[in-house]
Amino acid sequence: MINTLFFDLNETLLDIQTLQTIFEESFDHPGALHQWLTKTLFMSNTLGIVGEYKGFDALAEEALDQVFMENRRLPSAPIKDRILSQFRQLPPHDDVIPSLEWLKTNGLRCVVISNSTQEMMQEQLQHAGLTDYFDNTYSVDAVQRAKPFPEIYQHAASREGCTPEQIAMIASHDWDILGAKQAGFRTGYIYRKQMSLNPLFPIAD
C-alpha cells in the first residue's frame, strides 16, 4: 500500500514557465528556455554515464553559456545572474499547495527528490512557501548521480524506510517516470507541458 509520495521539484511543483519572458527577451526566440533545460539534463546524463558528477548549479551555468553561443550572443553576466537567481525563486503551480494540504490531511508522507543541489532546493522550497509540507528532501548531491539514474530513488527509499511498493513518484517528466519505474515505484505523471510523452518510455500508473 502506498503511504509515501516522492515529488520532483522543478516543473512538477515549481513553475519554470515564469522564466519564459526573460529567455525570450534575451535570446529572441521562444525555444531558448527549453534549449537551456535540455542542455542541462543532457550534460548531467552524459557525465553520469561515464561515472562523473557536477552539481546542478554548475551544469545550469555552463548550459546557459552554450545557449548564448548557439544563439550567436555574447555571454552576459547580468542576464545569467538574473536567470539563475530567478530559478531559485520560482513560484509553485496553482494546484500545488491545495493538493499538498489534502495529502497531508489524509496522512500521506510527502518527500522531494530533486536534481537541484541541497542548498538550492531548500531556497526554492522556502521561497515558494512549500517547506512545511514536506517530511524530507533529498538532492542528488547525496549520491553524486542525477535522476533518472537509480541511485537517488533507492537512496531516498532506504532513508525513508520504505519498500518500493509503498512509494509513488510524482513527476512532470517522462524520464523521471522511467527512473522511478526502474526503481520499482508506482508513478504519477502531471501534464505541465504541451508535449507528447516518449513512446519508448513506460507509461505512468
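1. The largest pocket is lined by 46 residues, and Glu11, Leu37, Leu41, His173 and Trp175 are the ones nearest its centre. A pocket here is an open set of points on a 1 Å grid over the protein atoms alone, where a 1.4 Å probe fits, with protein on both sides within 12 Å along at least five of seven lines; lining residues have an atom within 4 Å of a point. The volume of the largest pocket is about 900 Å³, a volume being the space filled by probe spheres set on the points, which are joined across faces, edges and corners.

2. The model is predicted: local features need pLDDT of at least 70 and side-chain atom pairs count only at pLDDT 80 or more, while totals for chains, interfaces and linings use all residues. Residues are numbered from 1 along each chain as its sequence is written, and side-chain values use heavy atoms, with hydrogens and water left out.

3. Helix 2 (32-49), helix 3 (56-70) and helix 8 (174-182) each supply at least two residues of the pocket lining. Helix 2 gives the most, with 13 residues. Helices (H or I, at least four residues) and strands (E, at least two) are DSSP runs numbered from the N terminus. By class, the lining has 20 nonpolar, 18 polar and eight charged residues; Ala, Val, Leu, Ile, Met, Phe, Trp, Tyr, Cys and Pro count as nonpolar, Asp, Glu, Lys and Arg as charged, and the others, Gly among them, as polar.

4. Within the largest nonpolar core, of 40 residues, Phe23, Trp36, Leu130 and Phe134 touch the most other members. Helix 3 provides the largest share of this core, seven residues. Apart from it lies another core, of 20 residues, including Tyr53, Ile113, Ala180 and Phe185. Such a core is a set of buried Ala, Val, Leu, Ile, Met, Phe, Trp, Tyr and Cys residues joined through side-chain atoms within 4.5 Å; buried means under 20% relative accessible area, exposed over 50%, and partly exposed in between (1.4 Å probe, protein chains only).

5. Beyond its neighbours within four places in sequence, Phe134 is in contact (heavy atoms within 4.5 Å) with Phe7, Leu13, Leu100, Cys110, Val111, Val112 and Leu125.

6. The whole structure contains zero disulfides, a disulfide being a pair of cysteine sulfur atoms within 2.5 Å. The sulfur of Cys110 has its closest cysteine sulfur in Cys162, 12 Å away, which is too far for a bond. Cys110 is buried, at 0% relative accessibility, and Cys162 is buried too, with a relative accessible area of 14%.

7. Ile16 lies in the loop between strand 1 (4-7) and helix 1 (20-27). Because its relative accessible area is 3%, Ile16 counts as buried. Leaving out residues up to four places away in sequence, Ile16 touches Asn10, Glu11, Leu33, Leu37, Phe87 and Leu90. Ile16 and Arg192 are 176 residues apart along the chain, yet their C-alpha atoms are separated by 9.9 Å.

8. In helix 8, the residues Asp174, Trp175, Asp176, Ile177, Gly179 and Ala180 are buried. The buried residues of this helix pack against helix 2, helix 7, strand 4 (167-171) and strand 5 (186-189). Gly184, which follows helix 8, has a positive phi, near 90°.

9. His155 belongs to helix 7 (residues 151-160) and is partly exposed, at 21% relative accessibility. Not counting residues up to four places away in sequence, His155 touches Tyr138, Ala142 and Val143.
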